[in-house]
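Reader: I would like to go through this structure step by step. Could you guide me?

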Amino acid sequence: MLSWLERQIPKIILAPTFAAVTVFVYGFIAWTAWISLTKSRLLPNYDFAGLIQYRRLFDNPRWDMAMGNLMVFGLLFILLSMVLGLWLAILLDQQIRAEGLIRTIYLYPMALSMIVTGTAWKWMLNPGLGLESLVQRWGFDGFRFDWLVDPDRAIYAIVIAAVWQASGFVMALFLAGLRSVDGEIIKAAQVDGIPDWRIYASIILPSMAPVFMSAFIVLAHLAIKSFDLVVAMTGGGPGYATDLPATYMYAMAFSRGDLGQAASSAMVMMMVIFAIVVPYLYSELRAKHD
Amino acid sequence: MRYCAIRAVMAAAVLAPCAAGAEPQAEVLHWWTSGGEAKAVAVLQQEFAARGGSWTDMPVAGGGGDAAMTALRARVLSGNPPTAVQLKGPAIQEWYEEGVLADISDVAAAQNWEQVLPQAISAHMKCGGTWCAAPVNVHRVDWMWANAEVLAQNGIGMPASWEEFNAAAEKLIAAGITPLAHGGQAWQDATVFETVVLGIGGTEFYRKALIDLDEEALGSDTMTAVFDQMRILRGFVDDNFPGRDWNLATAMVMNGEAAFQIMGDWAKGEFLAAGKVPGEDFLCASTPGDGFLYNVDSFAMFDVGAGDAREGQEILAELIVGPSFQETFNLAKGSIPVRSDVSLDGFDSCAQLSARDMNAASDDAGLLPSFAHGMALRGAQAGAISDVVTAHFNSDMSSEEAVEQLGRAIANSM
Amino acid sequence: MTDQPVPLSAAPAGMRVTRPRLRRMALRAGLYAMLAGFAAFYLLPLFVMVTTSLKGLEEIQSGSLVALPREITFEAWSKAWSGTCTGIQCEGLRPFFWNSVAMAVPAVILSTLIGALNGYALSHWRFRGSNILFGAILFGCFLPFQVVLMPMARVLGLLGLAGSIPGLVLVHVVYGLGFTTLFFRNFYVTVPGELVRAAKIDGAGFFRIFASIFLPLSLPIVTVTVIWQFTNVWNDFLFGVSFSQAGSQPVTVALNNIVNSTTGVKEYNVDMAAAIIAGLPTLGVYVLAGKYFIRGLTAGAVKG
């Protein structure tokens, strides 16, 4: 027989986390929600002012740009990282010599902060300094690669660097997934003479649905929080063509002393996150319960 | 004290000054972290130490102080503000309105700041009639730098009007030289923009448009003409300018790839560091038009109660405006002293020109705060304008549309 | 994981002979070429950083930024480590390194430990609302950190932890809990419930079961969590710059002070060397523990 106290141990263990999350996540969201309804400037001010900040937000062309960029960036980033990560994982799963070395090379970008690697990317993608001028010096005069300085394409240049950073990690997730697939099934299929690509397509990948889910969540989390990358590579430019909600929010809160405006943008961002994450959490928890 | 006790228990590793010694203390938040600038601040620390003070350095670089401002907010909200903070222009007033600045009028009176500082600049240092900040230097923003050799080869002088500049630029393009070295970052676009506003509209227009935010001036034909000139300037810039750091643009002028750069006088430091001589290798002149756009760095004094920190604050304020620091600091930084009674003998010709122009402009109301460097407007309004300016410069937006967006953006930022 | 992975190419010998040998070799060559090509793509930025850091300043100012150094010098490296200015102090990154260690080590240990207990409780000691609690914790992973800076500053001030390393540790533990709990919970969920039930019948309590059944299994997932947390905490700049003060600034803030000065003369070689030095601990962790990382992921973290 367990005593009452002993039965409460799991709750006691979780209590500090519960308290921390209540205050530091939900309390702070509530605080932000309130601030978004005020005219706070430099520092928080708690006088209610209605929805004026949201009106200002939706009236600002820069915010439209930031949200549009998040859609383009998020979609491409998640998609390309998944595809590349999966492809690399499959390649690496072919009994490669020096697998450890290659894996480390693919994985290391995740270890470095973008404050650091952003500058290198900025140089490489700048047509005057980097790849374009290099290839032209090799004699290919017609070579153009000027996305970073083109307001309509700069966001794609950011996607390249972001994919570079995260795809190795996704590769690791998928590689791990591939390795946890039951070997007996694969052997049986091979004995039956089914070609490799079909084994992947109809046996292995479908069994990795949870891995796709994990990868999606990690990538979505990175996409939404993308900030350093933009700051280091373009500073939001050319113009504000590569602004993202996170950089918008930061600019409003900290360089412009427009806290209320920043809070309203944070709330809109949070709603977007909510719309993406909650269905996932729901399905995740239900699946586990069955 | 409670704070110190807790910290002493919790954080053995922290080196912060908790010991309640009798020496004046100062924790200084600033964003001067690179070689030359850092050495310039170190001079202040040495003078402070010579007066028995203990200086705690809190440097945070990045984005012209954005990161430092983030840190400052966190510090103020946590009830633990630094003693002195590098703040400038209207931001000082904004912080004052939050009720967190200290009054250093005693020091100002004792040191006679009222007399030695130009009127326009001392106005920034006062909060509701009392002094709350100490000015460090005057950067001139409306400078035009040029490669002397390139200009001579193409038979071009320093332009005195924007028409002359445009004509010279056409000549340079024909000669295969980029006329204007420019880095496409919002603040650099804004820097060029404000010099064009000053050059085309004149000092009165500048004041109305960028300081008073006068709707009529902002929507005027003059403003359209300013954006027209910005569009022309865009044609004088090479295609790879977006995101380029200003110092790489300076390097383009230095090695003759480009002829001109419009940038504040910190650009001089790059030329000098590369061993170039003003007047011989590179030329400096104000951008076309009258007036003088200043960017004054200053330290705002935060309310730290009475005690060692307060004592340190007063000594610091006195030293910052003192003639000896003004001279050594500005020699190292490339700017000019704020006080008019410092000898300029040791300064280079560009700095001397800057000081002469400042005195002249001070007399005829042409001494104007730079909008691009946060001297003229509060953050929200300055940011709204610079959003439009940078969006216009980096797209094919028409001047009329830019003027219209300008009006909307400012209304939205209020 | 007791099963050995079965890579596809380890096909039964009988199959291999049916394929033309030449075609197989060409395929292998193509495979390696592709892997090498991707490796080049991933290494390129590092290559640019390393070559720049080995150049002299004049060479950078005069020449192309993306080119091999004409003359190799390690001056920038020693300057970045112990000579360059990060403020009025010109002692390089060295003094800040210790701050980062003092912050990262406790933060990683605490958040891993709490995450493990949370994950254990949430997976095998379910109670009413435990799933909702888990969902609520997970949602915290997605909170953009810019949002929490100001209220957090206030809370740290109230706790008397403002500007101190313990304050930074607290922040990192709190915002690391979401992921660490997720990792451990998804790992422990794969442990059969019968084991726990049997142990309970034998009279073992919460901690005994944890220590005797779960802890011995946990090495792979601990590795994953530690790598993840260490990378995040070490590389963090936003919290570091907001919640530190003189004397407690982590290395990323110092790096920022070197790289992002606005009006000073830029020394790109020192910037790059500093960047690499600041990244060495995390790089080292990935290189040394990378193998276990994949193993740990294989052993359960990805089954979520």
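Author: The conversation below goes from single chains to their contacts. This is a predicted model, in which local features need pLDDT of at least 70 and side-chain atom pairs count only at pLDDT 80 or more, while totals for chains, interfaces and linings use all residues. Residues are numbered from 1 along each chain as its sequence is written, and chains are lettered from A and ligands numbered from 1 in the order in which they are written.

Reader: How many helices and strands are in chain A?

Author: Chain A has 13 helices and zero strands. Helices are DSSP runs of H or I with at least four residues, strands are runs of E with at least two, and both are numbered from the N terminus. The C-alpha trace of chain A spans about 80 × 75 × 30 Å along its principal axes.

Reader: What percentage of the residues in chain A is buried?

Author: Of the 290 residues in chain A, 53% are buried. A residue counts as buried if 20 or more other C-beta atoms lie within 10 Å of its own, as exposed if 12 or fewer do, and as partly exposed in between, with C-beta atoms placed from the backbone.

Reader: Which residues have the most contacts inside the largest nonpolar core?

Author: They are A:I158, B:C132, B:A300 and B:M301, in a core of 327 residues. Such a core is a set of buried Ala, Val, Leu, Ile, Met, Phe, Trp, Tyr and Cys residues joined through C-beta atoms within 7 Å. Helix 7 (residues 154-180) of chain A gives the most to this core, with 18 residues.

Reader: And what does B:C132 touch?

Author: Leaving out residues up to four places away in sequence, B:C132 touches several residues, including B:I92, B:Y96, B:A300 and B:M301. Two residues are in contact if their C-beta atoms, placed from the backbone, lie within 7 Å.

Reader: Moving on, which domains does chain B have?

Author: The domain assignment gives domain 1 (22-139 + 296-350) and domain 2 (143-293 + 358-413) of chain B; domain bounds come from an automatic or database domain assignment. The C-alpha centres of these two domains lie 28 Å apart. In their contact, 19 residues of domain 1 of chain B meet 20 residues of domain 2 of chain B.

Reader: Where in chain B is helix 13, and how many of its residues are buried?

Author: Helix 13 of chain B covers residues 246-254, and nine of its nine residues are buried. Among them are B:W246, B:L248 and B:M254. Helix 13 of chain B is followed by B:G256, whose phi is positive, near 80°.

Reader: How many residues do chain C and chain A give to their contact?

Author: Chain C gives 78 residues and chain A gives 80 residues. Helix 14 of chain C gives the most to the side of chain C that touches chain A, with 15 residues. That side divides into 57 nonpolar, 17 polar and four charged residues. Here Ala, Val, Leu, Ile, Met, Phe, Trp, Tyr, Cys and Pro count as nonpolar, Asp, Glu, Lys and Arg as charged, and the others, Gly among them, as polar.
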